[in-house]
Amino acid sequence: MDRFSPVPDAAPSLLCHGGEKPLDFRGILCLQYWILPAAPGWVATSFSIFANYARRMMPCLMIGFLMLRRTPMPYLVAGMRKIHFPQRLIVAVSVTLRYFPAIREETGYIRDAMRLRGIRGLAKLEGIMVPLMVSATGTAEELSAAAVTRGIEDPAPKTSLVELRVSPVDGAAFLVGVGLTVALLTVKLGVFPW
């Protein structure tokens, strides 16, 4: 399938930077269950809270990253409009999600320029931060001007070239998710005696 297909064509673990995120998750599990129990008391105390919360947040971050990486912006905006998100939230999310890749690209350009000039050490930190702050302001103004040009502030009903429909695969995935959630809650709450 092509890159812009809303249906993933490979395992989610391979889509998260070639499997890095699941590796991070396995590393946190290893840290929490094998390394910290064998560590001295102060080390275990210092890092156990971090490992516990990181383990709980990592699946959410992986799913969010996967959704943002595999869902093109028009599909995301059309989906939010379809489920009647407030227009202000749609604007905020779409501008924010376009902002970070632009800043990442600008940071790459700044690093390349500093590498060419041979800047190192603390001067490198200043050399990144000052141009990045100036560039961030310009990027924000450009993105907001582009959004206004596209009619983001127009109160008229919005149209979209993207038409979203619920397919049988979506229904099956929803039922599997509900089933797994119910099974997890019944086991966690102790409804069954095993």
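Student: Which residues make up the largest nonpolar core?
Tutor: In this predicted model, the largest nonpolar core consists of 6 residues, namely I103, I110, M114, I128, L132 and A136.

Student: And which elements give two or more residues to this core?
Tutor: Those elements are α5, which covers residues 87-117, and α6, which covers residues 122-149.

Student: Take I128, then: what does I128 touch?
Tutor: Leaving aside residues up to four places away in sequence, I128 touches I110, R111 and M114, and of these I110 and M114 are listed with I128 in the largest nonpolar core.

Student: What does the second core include?
Tutor: The second core is separate and has 5 residues, among them M73, L76, V77 and M80.

Student: Changing topic, how many disulfides does the structure hold?
Tutor: The structure holds 0 disulfides.

Student: What about C30 and C60, why does each get its accessibility class?
Tutor: C30 counts as partly exposed because its relative accessibility is 30%, which lies between the 20% and 50% cut-offs, whereas C60 counts as exposed because its relative accessibility is 51%, which is over 50%.

Student: Now the surface: which residues make the nonpolar patch of about 410 Å²?
Tutor: That nonpolar surface patch is made by F174, L175, V178 and V182.

Student: Where does F174 lie, and is F174 buried or exposed?
Tutor: F174 lies in helix α7, which spans residues 168-189, and F174 counts as exposed because its relative accessibility is 57%.

Terms used
Residues are numbered from 1 along each chain as its sequence is written. This is a predicted model: local features need pLDDT of at least 70, side-chain atom pairs count only at pLDDT 80 or more; totals for chains, interfaces and linings use all residues. Side-chain values use heavy atoms; hydrogens and water are left out. A disulfide is a pair of cysteine sulfur atoms within 2.5 Å. Buried means under 20% relative accessible area, exposed over 50%, partly exposed in between (1.4 Å probe, protein chains only). A nonpolar core is a set of buried Ala, Val, Leu, Ile, Met, Phe, Trp, Tyr and Cys residues joined through side-chain atoms within 4.5 Å. Helices (H or I, at least four residues) and strands (E, at least two) are DSSP runs, numbered from the N terminus. Contact means heavy atoms within 4.5 Å. Patches are made of residues with over 30% relative accessible area and no salt bridge: like charges are joined within 9 Å, nonpolar side chains (Val, Leu, Ile, Met, Phe, Trp, Tyr) within 5 Å. Accessible areas come from the Shrake-Rupley method with a 1.4 Å probe; for residues, only the protein chains shown count as cover. A salt bridge is a side-chain nitrogen of Lys or Arg within 4 Å of a carboxyl oxygen of Asp or Glu.
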